[in-house]
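Visitor: I'd like to learn how to read a few features of a protein model. Could you walk me through some of them?

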Amino acid sequence: MYQYNEFDHAFLAERNAQFRKQVERRIDGSLTEEEFRPLRLMNGLYLQLHAYMLRVAIPYGTLSSAQMRQLAVIAEKWDKGYGHFTTRQNIQYNWPKLPDVPDILDALGEVNLHAIQTSGNTIRNVTADHFAGAARDEIADPRPVAELLRQWSTDHPEFQFLPRKFKFAVTGSPNDRAVTRAHDIGVRMIERDGEAGYEVLVGGGLGRTPMIGKVIRDFLPKEDLLPYMEAIVSVYNTLGRRDNKYKARIKITVHENGIDTIRDKVEARFAELKPLFSGVDQEMLAEIERQFAPPAFRNGPTDTFEAAREADPIFRAWADTNLTAHRVDGYAIVTISLKKHGDTPGDATADQMRLMADLAEKYGHDELRISHEQNVILPHVHKSDLPAIYAALKEAKLATANVGLISDIIACPGMDYCSLATARSIPVAQEIAQRFEDLKMEHDVGPLKLKISGCINACGHHHVGHIGILGLDRAGVENYQITLGGDGTETAEIGQRTGPGFAYDEITDAIERIVRAYLELREGPDETFLMAYRRVGADPFKAALYEDEKAKTRAA
Amino acid sequence: MPRAFTPKVVTANALLEGDVVYLTADDQWTRDLKQAELITDEAVADLRLLEAERRAAEVVGPYLADMVAGDGGPEPTHFREDFRRTGPSNYHHGKQAEA
């Protein structure tokens, strides 16, 4: 993992000291809210519906056990004993008090964490594949690239006042688990004729105008990464619209100007910038890569795992859903579900954080990951340790066997916390997960991604859910629109709306009707929901959703 | 005929804690919506909001929220204000825990 150097420590300490003074000046009345607001946002502090909210970056979703323990300390000391992991690999605290925030930032600094650029019109936390460095299908670990981008973009003087926020995602695998096609810039590490490089996507995004990213460069040599990224953001900084907030993201810039025009401008800017990069960035990247060297994997028998799997059907169910193939034989990637049926998606208590940290330290080479799907991952676990890990997780109510199933729901905080929300998300997620648990149906249904956003900004990624739910305010009442057929992977697609929305107390029944329709029409258990949708289209699902209602209306 | 004025309260978030607060008739900030001043005159509402905006060292983002007169005091007309006066629905946190 990346270790802060003297420069990083000094920079962070100075930023935190500055913010401490800014908070003091706001409290003593020397700063107005108008003056203070941009300063607090630069440091990740929002004012939400019921309280302040502090968004802490977890760069490319990677944490050490010491960092996870410190997140637990902060949850207990300054919040209400829990934290909320988000769809951008951040953690949010929902109840900090303004005078405490400088102390919280100092506590984060002790373990090399911060909240810088988690808000505002800047380059946000750089996200990456949560299985980085562990996945069997991986070409290269994307985290050194993500770390280089983080260092380059943090406090970059040219990019502190972009037209709008700007999000990067990086993947080193052909199977895209980082939703790179729905980011302002997606970087895919690839190989061509034995040479390592990048495919660069630009102009993806969700929100009110969802767009799939377009390829701006199909092969970028490794050494050109930073000048090319700087060229893209620089062109956007000049060309991006500042007259209309809703047209300010780069996806609109690309859409309005056309990818070819944007590409020409980027290439021209790149030609200017390239000579200014002396190669020191590549030396830094090489140094960062050394810090992400794989851990010393051990070679040992895995028969205890096989035996436990045979003996205990509950352990087997967990192992079948929550483990992913590791690139080293004898190892597995463990996904710890933060989606216990009926609980809030993405929330972990301080005790749960500490337990996961202990497991990472004892069994997982001291590494944890946060996924954009709001789960926690132990990326490197020897299979012989899995029964012990499972037992400990079960004790802490963290052993839910539902990863990739319908109850593994992404949900934004919605109107229970967020001041932008138009409807609630969390209780909808809780009720749907509980419904499918009561029906004992989800393992039969198989892979199905359900994603819920409480407003059009789409933090819950509903556009790329196989089933998406968007909560709206329709004439003062919560109303939920359904989209079908979305996909956030390498075959990314935006889901299509089914028709009129459903009331808060109708939405769970509606989802059940969709799932029952799927079970009836699928060709077999091997045909997933998404495959079936792509084969038959939306009509059978629309019929299941709306025909009953029509019949009811006719009968009345 | 002009549209009837929907009664209002002045609401904001407390500067230090971030809590939802309401302006009372005697110029205090209360955490309890029932104690808030229900303003039924548009001109008075505008004036009360201006006065609230001048108290920048106490609160953040004051605005006028629609209400109706209830038995025990002002009642929200919209679900957003109902959540603000109660707290989140997933945990017993916020105002519902402090009452």
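Guide: Let's start in a loop: A:Ala475 sits between strand 18 (467-474) and strand 19 (477-484) of chain A. Strands here are DSSP runs of E with at least two residues, helices are runs of H or I with at least four, and both are numbered from the N terminus. This is a predicted model, where local features need pLDDT of at least 70, side-chain atom pairs count only at pLDDT 80 or more, and totals for chains, interfaces and linings use all residues. Residues are numbered from 1 along each chain as its sequence is written, chains are lettered from A and ligands numbered from 1 in the order in which they are written, and side-chain values use heavy atoms, with hydrogens and water left out.

Visitor: What is the phi of A:Ala475?

Guide: Most residues other than glycine have a negative phi. A:Ala475 has a positive one, near 55°, and is exposed, at 82% relative accessible area. Exposed means over 50%, buried under 20%, and partly exposed in between (1.4 Å probe, protein chains only). A:Lys397, not a glycine either, has a positive phi of about 60°; its place is the loop between helix 13 and strand 16 (410-411) of chain A, and it is exposed at 54%.

Visitor: Which residues of helix 11 of chain A are buried?

Guide: An α-helix has 3.6 residues a turn, so residues three or four places apart point the same way. In helix 11 (residues 313-322) of chain A, the buried ones are A:Phe315, A:Trp318, A:Ala319, A:Thr321 and A:Asn322. They pack against several elements of chain A, among them helix 10 (303-311) and strand 12 (331-336), where contact means heavy atoms within 4.5 Å. At the helix start, a side-chain oxygen of A:Asp312 comes within 2.9 Å of the backbone nitrogen of A:Ile314.

Visitor: What else does helix 11 of chain A supply residues to?

Guide: Helix 11, strand 11 and helix 17 (529-536) of chain A each supply at least two residues of the lining of the second largest pocket.

Definitions and conventions:
A polar contact is a pair of N or O atoms within 3.5 Å; within protein, one must be able to donate a hydrogen and the other to accept it, and residues adjacent in sequence count only if both atoms are side-chain atoms.
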